[in-house]
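Student: Can we go through this structure together? I'd like to ask things as they come up.

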Amino acid sequence: MFRSVVIVGRPNVGKSRLFNRLARKRISIVHDQPGVTRDVISADVEDGYTLMDTGGLGLKAGEKSSAAIIAASERQVGFAVDTAALILFVIDGLDGITALDDRIAKNLRRSAKPVIVVVNKADFGDEKADHEGIMRLGLGQPIFVSAEHGRGEGELRDAILQKIGLPPVDPNAERVRVKLENGRVPGPICICFIGKPNVGKSSLANRLLRSDRLIVNELAGTTRDSIELPFEFKGRDKKMHPFRLIDTAGIKSATKLASSVEYFSRLRSLEAMQRSDVVFLVVDAIEGVTHQDKAIAGEAVKDRKPIAVIVNKWDLVLAAFKKPGGIAGSKNEREYREKYEKALFERLFFTPGAPLIFVSAMSGFEVDRMLNAAVKLHKTLDKKLPTARLNACLSFLTERTPPPAIGARRFKIFYATQTGNRPFRIKIFCNREEQLSESYRRYLEAGLVKEFDLSGCPIEFDLVGKPRGDAVDRSGWK
């Protein structure tokens with residue numbers, strides 16, 4: 001049995017707020033609208049167990065959630081309960097016990113799993129609670145908490161550890177955490193799917209996990225939280241590589257957010273990207289690269305994340321060319337692919353050398369290539385760039401295509417050296433840092449990517465200009 005604790009209950013009783021309180025992180029989206037949480041959200045808690053938040057049980061189909069999504073969400077709850085060592089059954093202390101609470105309690109008694117009844121919203125004491133109804137649930141003495149204000153948090157944490165026990169002690173664990181030269185602690189490769197709503201991010205994640213852990217529906221915006229899941233993959237090098245996968249909500253334009261739920265979904269997706277080692281930008285094989293795809297790629301570049309571009313739904317392209325007429329403007333699949341690639345990199349010109357992988361979540365076509373690309377990117381990020389070769393490359397690039405003149409001067413490089421990884425940091429000693437134009441910066445980045453085989457990896461220039469006027473020369477400038 002995993003050391004896992006799952007939070008269940010009907011909609012809008014404060015499960016996500018309690019999850020964030022116990023995890024001590026703002027992970028689950030908290031909102032008054034019922035049914036915001038759909039997939040199972042998990043977090044490792046400092047007390048040594050995995051905490052899982054679930055969607056509300058008994059939600060009715062309506063405008064915000066279809067019957068199919070609700071059914072899938074409740075299946076996710078069942079999965080979480082089956083794997084849990086302990087269940088926290090959250091009820092609303094202000095509402096009294098409802099028929100749905102009774103029905104959930106009946107199912108929990110059948111599961112024979114340990115249960116703690118958590119009466120939430122007991123902000124000012126428990127005098128308003130339905131004590132008789134709570135005891136009628138047959139699940140033992142409750143704990144009264146306020147997930148919003150922290151009341152009863154310590155008592156609940158103690159009760160959880162009493163039920164599941166303290167974490168096992170590793171006899172070898174002074175936990176020697178070996179660090180690489182750049183300070184990174186070895187661990188799972190954290191990958192993140194980003195993209196517009198409904199491009200197939202959750203379907204791709206399920207394909208990699210070889211399960212239906214994530215809810216998939218044709219309704220755009222089905223995923224709202226960012227969901228993290230661990231798995232392993234055997235790469236081309238025949239080694240097993242641990243991964244941590246983050247599936248995110250579709251990133252809408254900030255100007256098109258229709259609700260606070262969509263706002264927080266977007267925020268969580270951008271935060272997930274910042275925590276990732278490698279970002280998979282998912283685009284639609286038929287629709288092509290849109291203005292929003294370009295904006296999302298720009299967010300990843302701004303965060304200096306390595307990017308692989310994933311063209312999903314390629315099965316639709318293959319199927320189209322098996323029919324008379326194919327796709328207008330292309331004779332065959334190969335020509336369509338070439339035109340697609342050219343158009344894609346014309347739009348995403350600021351992602352030099354990013355791996356481009358054509359896949360199908362539906363059929364499984366080429367999905368393993370994504371993970372092999374992530375392994376390669378992850379290794380590449382630790383490269384050391386020899387100083388002599390770095391300077392020779394920059395010298396060649398500036399001689400082949402001189403920088404544009406700005407005013408009466410041109411940008412000039414005197415010396416460069418690598419100062420860091422993840423992203424690659426290059427300190428460049430130059431005449432005037434403000435004279436490096438954005439287009440010429442991209443030209444230099446693309447040249448270094450090609451020379452050192454850094455495809456998809458971000459490069460950051462730290463420019464140090466020559467002292468001006470009569471400043472005393474203490475930095476080696478002549």
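Tutor: Let's start with Asp 462, which is partly exposed, with a relative accessible area of 37%. Keep in mind that this is a predicted model.

Student: Which residue does Asp 462 form a salt bridge with?

Tutor: Asp 462 pairs with Lys 427, and their closest N and O atoms are 3.9 Å apart. The pair links distant parts of the chain. Lys 427 sits in strand S16 (residues 424–430) and Asp 462 in strand S17 (residues 459–465), 35 residues apart.

Student: Is Lys 427 buried, exposed or partly exposed?

Tutor: Lys 427 is partly exposed, with a relative accessible area of 26%.

Student: How many salt bridges does the count come to?

Tutor: The count comes to 17 salt bridges. One of them joins the side chains of Lys 196 and Glu 287, at 3.1 Å from N to O. That pair also links distant parts of the chain, 91 residues apart.

Student: Where are Lys 196 and Glu 287?

Tutor: Both are in loops. Lys 196 is in the loop between S7 and helix H6 (201–209). Glu 287 is in the loop between S10 and helix H8 (291–302).

Student: Why does Lys 196 count as buried?

Tutor: Its relative accessible area is 10%, and buried means under 20%. Glu 287 is at 49% relative accessibility, so it counts as partly exposed.

Student: What about a salt bridge inside a helix? Where do Arg 441 and Glu 438 lie?

Tutor: Both lie in helix H13 (residues 438–452). They are three residues apart, about one turn of the helix. Arg 441 counts as buried at 17% relative accessibility, whereas Glu 438 is partly exposed, with a relative accessible area of 48%.

Student: New topic. You mentioned S7. How many residues of S7 are buried?

Tutor: Six of its six residues are buried. Strand S7 covers residues 189–194.

Student: Which way do the residues of S7 point?

Tutor: Ile 189, Ile 191 and Phe 193 point one way. Cys 190, Cys 192 and Ile 194 point the other way. In a regular strand, side chains alternate between the two faces of the sheet.

Student: And which strand pairs with S7 over four bridges?

Tutor: Strand S10 (residues 278–284) does, in the parallel sense. Cys 192 stands opposite Val 279 in S10.

Student: Let's do rings. How many aromatic pairs does the count come to?

Tutor: The count comes to 10 aromatic pairs. Take Trp 314 and Phe 358: their ring centres are 4.5 Å apart.

Student: Why is that pair tilted?

Tutor: The planes are at 55°, so the pair is tilted.

Student: What lies over the face of Phe 358?

Tutor: Arg 337 does, at 4.5 Å from the ring centre. Phe 358 also belongs to a cluster linked by ring pairs, with Trp 314, Phe 321, Tyr 336 and Tyr 340.

Student: Now Asp 92. Is it buried or exposed?

Tutor: Asp 92 is buried, with a relative accessible area of 5%. It is found in strand S4 (residues 86–92).

Student: What polar contacts does the side chain of Asp 92 make?

Tutor: One joins it to the side chain of Lys 121, at 2.8 Å. The backbone nitrogen of Leu 94 also lies 2.8 Å from a polar atom of the Asp 92 side chain.

Student: Which residues does Asp 92 touch, not counting those up to four places away in sequence?

Tutor: Arg 10, Asn 12, Val 13, Asn 120 and Lys 121. Asn 12 is 80 residues from Asp 92 along the chain, yet their C-alpha atoms are separated by 8.3 Å.

Student: Last one. Which side chain does His 241 make a polar contact with?

Tutor: The side chain of Asp 237, at 3.0 Å. His 241 lies in strand S9 (residues 240–247) and is buried, with a relative accessible area of 10%.

Conventions:
Residues numbered from 1 in each chain as written. Predicted model: local features only at pLDDT ≥ 70, side-chain atom pairs only at ≥ 80, totals over all residues. Heavy atoms only, no water. Helix = DSSP H or I, 4+ residues; strand = E, 2+ residues; numbered from the N terminus. Buried < 20%, exposed > 50% of the residue type's maximum accessible area, 1.4 Å probe, protein only. Polar contact = N/O pair within 3.5 Å; in protein donor to acceptor, adjacent residues only side chain to side chain. Phe/Tyr/Trp six-rings, centres within 6.5 Å; stacked < 30°, edge-to-face > 60°. Lys NZ or Arg CZ within 6 Å of the ring centre and 35° of its normal. Pairing = 2+ DSSP bridges. Salt bridge = Lys/Arg side-chain N within 4 Å of Asp/Glu carboxyl O. Contact = heavy atoms within 4.5 Å.
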